[in-house]
Amino acid sequence: MPGESSVRDRQLQGLDALEQKPGEGQRVGLSARARTLWAATWPKLVAVAIVLAAWQAVAWSGWRPVYVFPGPDQVLPRIAQEITSAGFWEAVGVTMRRAFAGFALALVVGVLLGLAVSQVKILRVAIGSLITGLQTMPSIVWFPFAMLLYGISESAIMFVIILGAAPSIAGGLISGIDYVPRQLMRAGHAMGLRGVQRYTLLIVPAALPMFVTGLKQGWAFAWRSLMAGELLVIIDQQNSIGWALSQARQLNDAEQLLSYVVIVLFIGIVIDVFFSWADRSIRARWGVT
Amino acid sequence: MSVTTESPARTRAAAIEIDRITKVFGHGPGALTAIDGMSVSVRPREFVAIVGASGCGKSTLLSLVAGLEEPTVGTVDVGGHRVAMMFQEASLFPWLTIGGNIEVPMKVNGVPKAERRRRVAELLDLVRLTGFAHKRPHQLSGGMRQRVALARALAQDADVLLMDEPFGALDAMTRDILHDEVERIWREKSLTILFVTHNVREAVRLGDRVILLSSRPGRVIEEFEVNGRRPRRIDSAEIASQAAEITDRLRVEVSRHAG
């Protein structure tokens, strides 16, 4: 009965069309996108303007001498001058290299630790709560010990970055694996997912959102540990953001000091924007908001 | 409709042979007997619906047939048939596209990539979701997701399909149309289906045979042959009267557990 089949086909198509959200899959126009972008941007611009105005007002009020507390009228041109100098880029280069190397090491340690704890029951009982405890610990308290262990060296800084970031990364991975929805595990089991495929096709992708959250938190801890480390562990006059900050303090160069503070804030924001974007795009793909 | 006390066709080669199984969870005084001495025989290409109230061990039964669990006593024999399973939730992987989801069981079976693509298109045609391969699960309605789950189950190359209340969460209109769809695919693909539901009308609408289970523990109370010619309508008088008879029997069973 071809007639009946096509009738059913149309019924089903109609039902599908009705049940899909209206506007699904429609292209967003350029002007609409520009409007969204503007709506997200102007409050930020206003906030920055207010902060700059307040800062300038305090500087002009004469609360502290201008060489101790310069206003944005002095610091902003100084930033413009700094970022055109070779020394600045060298300092940022050294610091970012340490940051990425330290974070990469923390990633390896965190992933291995997280996998071990999530898979081995006795390990979880033994050190599961220790990992949570380490996450809440200010990593700066490790520096005196790290300097005893490694001396005044980059290894001391790396040691503290790993201690600061790895627990968060491990924690994210553990909860990601723990909270793979039971129903998906059941479905995977029924489809015959076993062994390695159970991990590659099911557990790892399912754990990804929480893992990214762990990465984001781990990065924040790594970045803080690194800044603390560069201020405490000054290695042979090697240029870095931390070194530039302490130099500026010793030379009473408040303009340079505040310039680097603004730079540190800026780098932090850029990296955070990257992780937030990763987080958002995963959520959008999965349809969770 | 005829009521049979002995299942017929016990002698012929069955697609699913469930022989006097008992399933006990736990040990000692806290042990729970989910299924007690249940025997069910399903012929190849038969559509068997299983109905029962809560606690009749419906889902446990399907897990045993799927080999996800082992019976405490007795045997389940699927005679070398490949068994696939569908659940009340579509349980699609949210990180994969629709096509990617249907490919998962084929990856498990080591089907080469080009072949996987071809079969995904074929299966999407079958469940009337042509062109949806690149959509994501959250972009589809509940009924569409269940059809994807059906396509994914069929991608296992199974000829025995176990369905655990697959349409329980859908609205009546969608469910009605999906009944037609399942019936069509069951015929086209010569499947053997064991369909669990608590909806008696749905069972009568779809099943060649309806098996009524008791609760706590689950036992077979009665089997009903459904004689209505296909395609049936869920709102036909014939189905209504057959469903009423089974519902009455089910009510007797439920009231047995009062006080």
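## Basis and terms

A residue is called buried if 20 or more other C-beta atoms lie within 10 Å of its own, exposed if 12 or fewer, and partly exposed in between, with C-beta atoms placed from the backbone. This is a predicted model, in which local features need pLDDT of at least 70 and side-chain atom pairs count only at pLDDT 80 or more, while totals for chains, interfaces and linings use all residues. Residues are numbered from 1 along each chain as its sequence is written, and chains are lettered from A and ligands numbered from 1 in the order in which they are written.

## Helix α7 of chain A

Because 21 of the 25 residues of α7(A) are buried, this helix is largely enclosed by the rest of the structure. Helices (H or I, at least four residues) and strands (E, at least two) are DSSP runs numbered from the N terminus. Helix α7(A), residues 154-178, has its end C-alpha atoms 35 Å apart, which agrees with the 36 Å that its 25 residues should span at 1.5 Å a residue, the expected span being 1.5 Å times one less than the number of residues.

## The sheet of chain B

In chain B, an open sheet of 3 strands has the order β3-β2-β5 with antiparallel pairing, where two strands pair if DSSP finds at least two bridges between them. The edge strands, β3 (32-42) and β5 (73-77) of chain B, each pair on one side only. Strand β2(B), residues 16-25, is joined to β3(B) by 7 bridges, and B:Ile16 stands opposite B:Val42 in β3(B).
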